[in-house]
Amino acid sequence: MLASYQEDVSKYASNTEKPKVKNCYFSIPKQLAKENKKFQFSVVEKKGTARKFENSIKWLRDANLVYLCYNVSTPAFPLAAYEKKDFYTAKMPINAVNTALSKGSWCLVGV
C-alpha cells in the first residue's frame, strides 16, 4: 500500500512538489508518536515553515492520503465554525478512525 502511495506522488505531484510531499507524508508517523500531536513543519525539515510545506499538505489532503483534524476553540456545533485552521493533526487514513476513537478527539474529514 505504501508503495502505491509513493507511485501516486511520483506520478501526479509536480517535480518541485514531489520531495516536499514525500517529506511531509513520511513525517506524519513521527509526529503522531509525539505527545504534542499538532502538525509541525519543523519536524518535516529543520527550520521548515508553513509557507514552504502548506501546498504539500494540501496536495496530500486532496489526494486523500491524509486527513487534517482541526482543533476547535469551542466544542459546539457546527464544529467547522470553531476550527482553528493553524492547529491541526495530520492523520493517515488507516490511523484516523482508530486514533479518533481511542483518544476521543474530533476529526473533521473532508473539510
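**A core and its surroundings**

Student: Which of the 22 residues in the largest nonpolar core touch the most other members?

Tutor: This is a predicted model, in which local features need a pLDDT of at least 70 and side-chain atom pairs count only at pLDDT 80 or more, whereas totals for chains, interfaces and linings use all residues. Residues are numbered from 1 along each chain as its sequence is written, and side-chain values use heavy atoms, with hydrogens and water left out. A nonpolar core is a set of buried Ala, Val, Leu, Ile, Met, Phe, Trp, Tyr and Cys residues joined through side-chain atoms within 4.5 Å. Among the 22 residues of the largest such core, the ones that touch the most other members are Phe39 and Leu60.

Student: Which element gives the largest share of this core?

Tutor: Helices (H or I, at least four residues) and strands (E, at least two) are DSSP runs, numbered from the N terminus. At least two residues of the core come from each of helix H1 (2-12), helix H2 (18-32), H3, H4, S1 and S2. The largest share, 5 residues, is supplied by H2.

Student: Is Phe39 buried or exposed, and what is its relative accessible area?

Tutor: Buried means under 20% relative accessible area, exposed over 50%, and partly exposed in between, with a 1.4 Å probe and protein chains only. Leaving aside residues up to four places away in sequence, Phe39 is in contact (heavy atoms within 4.5 Å) with Cys24, Ser27, Ile28, Gln31, Val44, Ile57, Tyr88, Thr89 and Ala90. Phe39 counts as buried because its relative accessible area is 4%.

Student: How are the rings of Tyr25 and Phe26 arranged?

Tutor: A pair of aromatic rings is described by the distance of the centres and the angle of the planes. Rings of Phe, Tyr and Trp (its six-membered ring) pair if their centres lie within 6.5 Å, and planes under 30 degrees apart count as stacked, over 60 as edge-to-face and the rest as tilted. A search of the whole structure finds 5 aromatic pairs. In the pair formed by Tyr25 and Phe26, the centres are 5.5 Å apart and the planes make 80°, an arrangement that is edge-to-face.

Student: Which residues do ring pairs link into a cluster?

Tutor: Phe39 and Phe41 form an edge-to-face pair, at 5.1 Å centre to centre and 75° between the planes. Phe41 is buried, with a relative accessible area of 12%. The cluster linked by ring pairs is made of Phe39, Phe41, Phe53, Tyr70 and Tyr88.

Student: Within what arc do the buried residues of H4 fall?

Tutor: In H4, the buried residues are Phe53, Ser56, Ile57, Trp59 and Leu60. Seen down the helix axis, with the arc taken from the directions to the C-beta atoms, they line one face of H4, because they fall within 155°.

Student: Which residues are exposed on the other side of H4?

Tutor: The buried residues of H4 include Phe53 and Trp59. On the other side of this helix, the exposed residues are Arg51 and Asp62.

Student: What is the phi of Lys47?

Tutor: Lys47 is found in the loop between helix H3 (41-44) and H4, and it counts as exposed because its relative accessibility is 74%. Although Lys47 is not a glycine, its phi is positive, at about 65°.

Student: Which residues does Glu17 touch, not counting residues up to four places away in sequence?

Tutor: Glu17 lies in the loop between H1 and H2, and at 12% relative accessibility it counts as buried. Beyond four places in sequence, the residues that Glu17 touches are Asn55 and Ser56.

Student: What is the omega of the peptide bond that joins Phe77 and Pro78?

Tutor: Pro78 lies in the loop between strand S1 (67-72) and strand S2 (83-91). The bond that joins Phe77 to Pro78 is cis, with an omega of about -5°.
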